[in-house]
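Trainee: Could you take me through this structure slowly, giving the general idea behind each feature before the case at hand?

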Amino acid sequence: MKIYLNGDFVAKEDAKISVFDHGLLYGDGVFEGIRLYDGCVFKLDEHLERLEYSAKAILLELPLNREQMKKAVCDTCRINDMQNGYVRLVVTRGPGHLGLTPDGCGPGNVIIIADDIQLYPEELYEKGLKIISVPTRRINSSALPPAIKSLNYLNNILAKIEAKKVGFQEALMLNDKGEIAECTGDNVFIIAKGILYTPPLDAGSLRGITRGAAIDLAAQLELPCREQALTRYDLWTADECFLTGTAAEVIPCVEVDHRQVGDGTPGVMTRRLIDLFRKMVLSDGVHLNEQD
Ligand code: PXG
């Protein structure tokens, strides 16, 4: 496996950065997780735009522009002979001093890893996932905007650990008002009485690229969609529920906090959305053959 590191392709064993990098010392940096389907980098522009916004929000200057970043991502897939997989793009603040100030840091490290990812076992896409709400809350949006996809994921990691310790694969995270925010690496949707609902971004959810895709596909199914604050009760009493994320894709959820969702099997509209999503991923992105 070859890793992209600041313009070079290096063997995995040689892909090393300084222990003084503020990405390591403070989680000071940004990242994206991107999927590659049959040689098509799904929604690459959308991911790079979000990376640019995340970087801007933390006053981090990206060492590469959009076209250079696109080429770097595609080159990394090509050099690894990848047609399907997962790309992790990381930009750190760079090496600096042992103090919080980013003064003197840099240049930032650009790291691109092309690998495989399977978040949940295949059978869960048929049977559906069971989730549980956990004590760890999403970080308040006035403390750190949830739209920033930064290298600080500790609260989501704690939530994941809390769910796993009680035998669940995924955690439902609330915001400090007790409303639904999202899961640890996925956005949440429900369908109730023929309407699709998902929490608004200011409830503490990331502007998920897959979330956006699901909203677009719902329009194709003439399923009205509302971004609205949701409570745990709304999820407990929904007809259908599913999660979206680059790693998870679109996965049905059939149980929330020990309450069965609908009849306890993946819902009809959820299945339709999954079918449409699987078609969409083959066409909506940048094809490795077309990018030079
Ligand atoms: N919320 C959070 C907090 C995320 O980190 C999503 C929602 C879904 O967004 P996208 O744009 O992917 O639809 C994410 C994305 C991993 C992994 O390693 C996590 C994500 C993406 C890729 C891999 O678990 N999270």
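This is a predicted model: local features need pLDDT of at least 70, side-chain atom pairs count only at pLDDT 80 or more; totals for chains, interfaces and linings use all residues.

Trainee: Which residues come nearest to the ligand?

Mentor: A residue is near a molecule if one of its heavy atoms lies within 4 Å of it. Of the 20 residues around the ligand, the nearest are Tyr153, Glu182, Ile209, Thr210 and Thr246.

Trainee: Which polar backbone atom is 2.7 Å from an oxygen atom of the ligand?

Mentor: A polar contact is a pair of N or O atoms within 3.5 Å. The backbone atom at 2.7 Å belongs to isoleucine 209, while a polar side-chain atom of arginine 50 lies 2.8 Å from a ligand oxygen, and a polar backbone atom of glycine 185 is 3.3 Å from a ligand nitrogen. The protein covers 90% of the 540 Å² of accessible area that the ligand has on its own, by the Shrake-Rupley method with a 1.4 Å probe. Strand E5 (85–92) and H6 are the elements that give two or more residues to the shell around the ligand; such helices (H or I, at least four residues) and strands (E, at least two) are DSSP runs, numbered from the N terminus.

Trainee: How many residues does helix H6 have, and what span should they give?

Mentor: The expected span of a helix is 1.5 Å times one less than its number of residues. Helix H6 has twelve residues (209–220) and should therefore span 16 Å, which agrees with the 17 Å between its end C-alpha atoms. Buried means under 20% relative accessible area, exposed over 50%, and partly exposed in between (1.4 Å probe, protein chains only); in H6, the buried residues include Ile209, Ala213 and Leu217.

Trainee: Is glutamate 222 buried or exposed?

Mentor: Glutamate 222 counts as exposed because its relative accessibility is 71%, and this residue lies in the loop between H6 and strand E12 (225–227). Its phi is near 55°, a positive value in a residue other than glycine.

Trainee: What is phi at glutamate 249?

Mentor: Phi of glutamate 249 is near 60°, again positive, but glutamate 249 is buried, with a relative accessible area of 18%, and is found in strand E14 (residues 249–256).

Notes:
Residues are numbered from 1 along each chain as its sequence is written. Side-chain values use heavy atoms; hydrogens and water are left out. A polar contact is a pair of N or O atoms within 3.5 Å; within protein, one must be able to donate a hydrogen and the other to accept it, and residues adjacent in sequence count only if both atoms are side-chain atoms.
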